[in-house]
Amino acid sequence: MGRHAEIAGAGFAGLAAAIALRQRGWSVRVHEAAPTLRAFGAGIFIWENGLRVLGALGARAAVEGGAFAPPAYETRTDGKSLSYQDINGAHRYRLLTMTRQHLYQALLDAALRAGAEIHANHEVAAATPEGELVLADGRRFRADLVVGADGVRSRVRDSLGLKQDRKRYQDGIIRVLTERGPLRGGAWDHIIDFWAHAPRTLRILYTPSGDNVLYMAMMAPLADPEAAAIPINPEPWISCFPALAPVLRTLSDRGRYDVYETTKLETWSCGRVAILGDSAHAMPPTLAQGAGCAMMNALGLAVALERPEPVEDALRHWEATERPLTDHTQRRAAEIAASRVLASGMAWDDEGLRAALHIPTGTACGTSTPAPAVQ
Ligand SMILES: Cc1cc2nc3c(=O)[nH]c(=O)nc-3n(C[C@H](O)[C@H](O)[C@H](O)COP(=O)(O)OP(=O)(O)OC[C@H]3O[C@@H](n4cnc5c(N)ncnc54)[C@H](O)[C@@H]3O)c2cc1C
């Protein structure tokens with residue numbers, strides 16, 4: 001008889017796991033707490049590692065159509081241009097920007113095509129190491145594998161009592177989508193990392209994300225409630241970035257503020273339960289790799305479960321194989337968040353982009369041998 005998985009959370013991690021398991025003959029049921037299957041209104045960066053995983057999941061073509069390939073990444077701090085770096089095109093750093101909904105729809109379509117059963121309005125309350133998923137309404141489902149892909153405030157993880165280290169940082173980000181309008185062509189096609197230190201410390205990561213879509217990730221310290229406010233108060237932002245005033249005045253009640261957070265678990269599995277994505281390794285978005293790592297680890301999970309051994313052992317193998325790179329990426333992302341070093345015009349290098357340059361397990365040339373331990 002085929003094996004069966006119950007998955008908590010239909011985010012990027014849960015959907016990627018559902019597809020990868022279905023591709024390997026598992027039956028899969030996904031439980032999503034939200035009333036509808038969709039992503040919230042923001043943009044997202046997907047580096048080449050994520051694109052490779054999307055290729056293996058049958059979603060890359062759909063993601064590439066409608067995504068944006070910015071030709072450069074610039075940093076402008078206090079009105080001065082501090083760094084300029086070509087990306088995409090002939091350059092080997094490949095990064096696409098898009099709306100979250102665009103990425104989400106491509107994964108959702110691929111999951112449904114693959115035959116995953118997905119339920120909205122199914123809030124998960126707990127899981128057991130023996131392989132039971134418990135819904136908030138009391139229903140219980142047995143499985144060979146349970147996946148806790150229910151995000152940073154994971155009920156599955158917490159119900160298992162896994163030892164965890166969670167940290168918040170001094171900054172957070174308002175994410176908002178708007179129209180590009182006349183902001184197109186030349187430098188307006190670049191990703192521009194605007195920083196200001198006076199009259200206060202703020203940052204706007206200006207990101208064209210589609211034909212007429214502009215994504216702005218607006219970093220404000222937690223200690224600056226005026227700038228972190230939702231609805232967005234344009235005044236503090238305009239005082240730092242007057243050139244963006246026409247766009248900043250249109251944002252009104254859009255956007256959502258999230259503080260940078262890190263979650264680190266002692267172990268990514270407990271019996272037959274795998275903890276995946278942000279529930280296992282939330283990280284500050286400074287390397288734009290949270291979803292990239294979540295999707296890599298989802299595919300790596302399904303590959304590890306091909307091993308002819310009990311699920312519990314395959315999960316330990318999965319963690320040993322995939323975790324070192326995620327830990328490195330999380331640690332580096334946290335250092336960048338804590339130091340705000342991006343304001344100094346740091347250019348991307350191979351060390352910072354180790355995950356982006358990695359060939360993930362389960363992709364055409366991907367390896368499933370453990371990556372070397374990294375410092
Ligand atoms: C400001 C910011 C910018 C970011 N930018 C990028 C970027 O550019 N590139 C990148 O790769 N990553 C980025 N990330 C990280 C990325 O968003 C996350 O790593 C990614 O969304 C993790 O996916 P996930 O599926 O694990 O979790 P989520 O996306 O949080 O999905 C979890 C799902 O589980 C559902 N759920 C929650 N509780 C329950 C429950 N009890 N029962 C059932 N379902 C439940 C939720 O509704 C949700 O659908 C960013 C993060 C932040 C905060």
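User: In this predicted model, which side chains meet in a salt bridge with R332, and what is the N to O distance?

Analyst: Side chains of opposite charge can pair when their charged atoms come close. Here R332 meets the side chain of E335 in a salt bridge, at 2.8 Å from N to O.

User: Where do R332 and E335 lie?

Analyst: An α-helix has 3.6 residues a turn, so residues three or four places apart point the same way. In this case both R332 and E335 belong to helix α11 (residues 311–339), where they sit three residues apart, about one turn of the helix. R332 is partly exposed at 22% relative accessibility, and E335 is likewise partly exposed, at 42%. Elsewhere, salt bridges with shared partners join E48, R52, R60, E64 and R94 into one network.

User: Which parts does the salt bridge between R175 and D258 tie together?

Analyst: The closest N and O atoms of R175 and D258 are 2.8 Å apart. R175 lies in strand β12 (residues 164–179) and D258 in strand β16 (residues 256–265), so this pair ties together parts that are 83 residues apart in sequence. R175 counts as buried, at 13% relative accessibility, whereas D258 is partly exposed, with a relative accessible area of 24%.

User: Why is helix α1 described as largely enclosed by the rest of the structure?

Analyst: The reasoning rests on burial, which means under 20% relative accessible area. Of the 12 residues of α1, 10 are buried, so the helix is largely enclosed by the rest of the structure; among them are F12, L15, I19 and L21. After α1 comes G25, whose phi is positive, near 90°.

Methods: Residues numbered from 1 in each chain as written. Predicted model: local features only at pLDDT ≥ 70, side-chain atom pairs only at ≥ 80, totals over all residues. Heavy atoms only, no water. Buried < 20%, exposed > 50% of the residue type's maximum accessible area, 1.4 Å probe, protein only. Helix = DSSP H or I, 4+ residues; strand = E, 2+ residues; numbered from the N terminus. Salt bridge = Lys/Arg side-chain N within 4 Å of Asp/Glu carboxyl O.
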